[in-house]
Amino acid sequence: ALVPFVIAALFAYLFNPLVQKLEARGVGRSWGVSLVFLILTLVVVTVVLVLIPFMERQVTRFIEQLPRWTAWARDVAAPWIETRFGLSLDTFDSDGVVSMLQGHWKEAGGFATSVLTKVSKSGFAIVAWLLNLVIVPVAAFYLLRDWNIVVERIHALIPRTIEPVATRLLHESDVTLGGFLRGQLSVMIILGTLYGVGLWAVGISVGPLIGMVAGLISFVPYLGAIVGVGMGVIAALVQYQDSFHVILVLVVFGVGQLLEGYVLVPKLVGDKIGLHPVAVMFAILAGGELFGFVGVLLALPLAAVVMVLLRYAYERYTQSEMYQDAGTLAPIVVAQTGAPNTRADAGGQVV
């Protein structure tokens with residue numbers, strides 16, 4: 001019951017700044033929300049009709065090419081590693097892994113077919129699925145339309161004695177979480193599109209799939225590029241068996257890294273996030289382990305709040321008497337000669 005409402009709240013939170021910009025241009029709140037929802041509907045329809053079938057074909061092609069990848073790894077890469085570093089990779093059953101992946105993929109019959117099959121087995125499942133499909137956009141619409149009212153009423157409930165501190169912490173949490181979600185999602189989509197189109201342009205048959213994977217995991221610095229370069233180089237070697245296409249793959253990811261480091265991250269994310277990549281990964285994994293899919297959805301908001309509270313606690317600690325009071329010891333004074341561990345006595349002489 002919580003999942004559709006949590007998704008709706010995240011949608012409302014993400015797109016509230018866009019509605020506010022439309023309001024600043026003189027567009028009414030309801031009309032602005034309707035315009036945003038119209039654009040989102042077009043995007044979702046495009047993804048469902050175009051992107052999902054295309055990515056399913058890409059995954060199918062990747063599964064079909066896996067035997068060639070493993071053959072290259074067994075016949076070319078493994079002997080080179082064994083000769084160069086003295087490491088043996090004979091214990092890895094690559095053929096078994098390929099057979100397992102191909103069997104599961106053929107058994108599933110594709111993502112869309114599998115979902116439709118599971119849903120169609122139960123009339124209650126169909127009703128629940130349709131209900132969630134309706135609840136998410138309806139709840140998101142009303143939450144987005146009344147977002148300012150909800151925020152004002154929550155603000156009115158805060159005790160006046162802690163209102164300044166609470167307002168400051170909530171604002172910092174909003175800046176941290178909003179900056180990360182909106183900025184990093186934009187960076188991930190742009191990088192995934194850039195990598196996918198670039199690899200497809202240089203002739204990598206599964207380039208769009210590799211680019212999408214590299215873009216989706218690019219919230220961890222360099223991880224997307226490392227995984228993408230590894231998969232892209234293997235795909236180029238297996239498909240063309242030359243160094244020219246390997247160089248083209250490296251150029252694609254090099255351009256993407258330059259664009260990410262000097263344009264996308266400074267412009268879209270900035271330096272005010274405060275969420276370390278390790279904290280992001282831990283929050284998502286811990287949230288999923290403790291509370292399932294709802295925990296995954298709420299992991300980043302809670303992590304942002306926790307980071308803001310920790311920074312506030314650190315600030316209060318460094319300003320407290322416990323941190324600043326040196327006790328009964330006299331202050332440390334360094335002599336002009338630079339000798340360490342000197343101390344001034346009561347007469348001011350260095351001892």
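In this predicted model, the second largest pocket holds about 930 Å³ of space. Its lining is made up of 26 residues. Those closest to the pocket centre are Tyr-13, Trp-147, Val-151, Leu-170 and Asp-174. By class, the lining residues comprise 16 nonpolar, 7 polar and 3 charged.

Two packed helices are described by the angle between their axes and the distance between the axes. Helix H7 (residues 163-201) and helix H11 (residues 277-318) cross at roughly 130°, and their axes come within 10 Å. H7 is therefore oblique to H11. The crossing of H7 past H11 is right-handed. On the H7 side, the contact is made by Val-165, Arg-168, Leu-169, Glu-172, Ser-173, Thr-176, Leu-177, Phe-180 and Leu-181. On the H11 side, the contact residues include Val-280, Leu-300, Pro-301, Tyr-312 and Glu-315. This contact has 13 nonpolar, 2 polar and 4 charged residues.

H7 also packs with helix H8 (residues 207-216). Here the angle is about 155°, and the axes lie 7 Å apart. Angles over 145 degrees count as roughly antiparallel, so H7 is roughly antiparallel to H8. H7 passes H8 in a right-handed crossing. H7 contributes Met-188, Leu-191, Gly-192, Tyr-195, Gly-196, Leu-199 and Trp-200 to the contact. Among the H8 residues in the contact are Gly-207, Pro-208, Ile-210 and Gly-211. The contact of H7 with H8 has 10 nonpolar and 5 polar residues, with no charged ones.

Technical notes. Residues numbered from 1 in each chain as written. Predicted model: local features only at pLDDT ≥ 70, side-chain atom pairs only at ≥ 80, totals over all residues. Heavy atoms only, no water. Axes fitted to C-alpha atoms, helices over the stretch in contact; angles between N-to-C directions. Helix = DSSP H or I, 4+ residues; strand = E, 2+ residues; numbered from the N terminus. Parallel < 35°, antiparallel > 145°, perpendicular 65-115°, else oblique. Left-handed = near helix turned anticlockwise from the far one by under 90°. Contact = heavy atoms within 4.5 Å. Nonpolar A, V, L, I, M, F, W, Y, C, P; charged D, E, K, R; others polar. 1 Å grid on protein atoms, 1.4 Å probe; cavity = no way out; pocket = protein on both sides within 12 Å on 5 of 7 lines; lining within 4 Å. Points joined across faces, edges and corners; volume = space filled by probe spheres on them.
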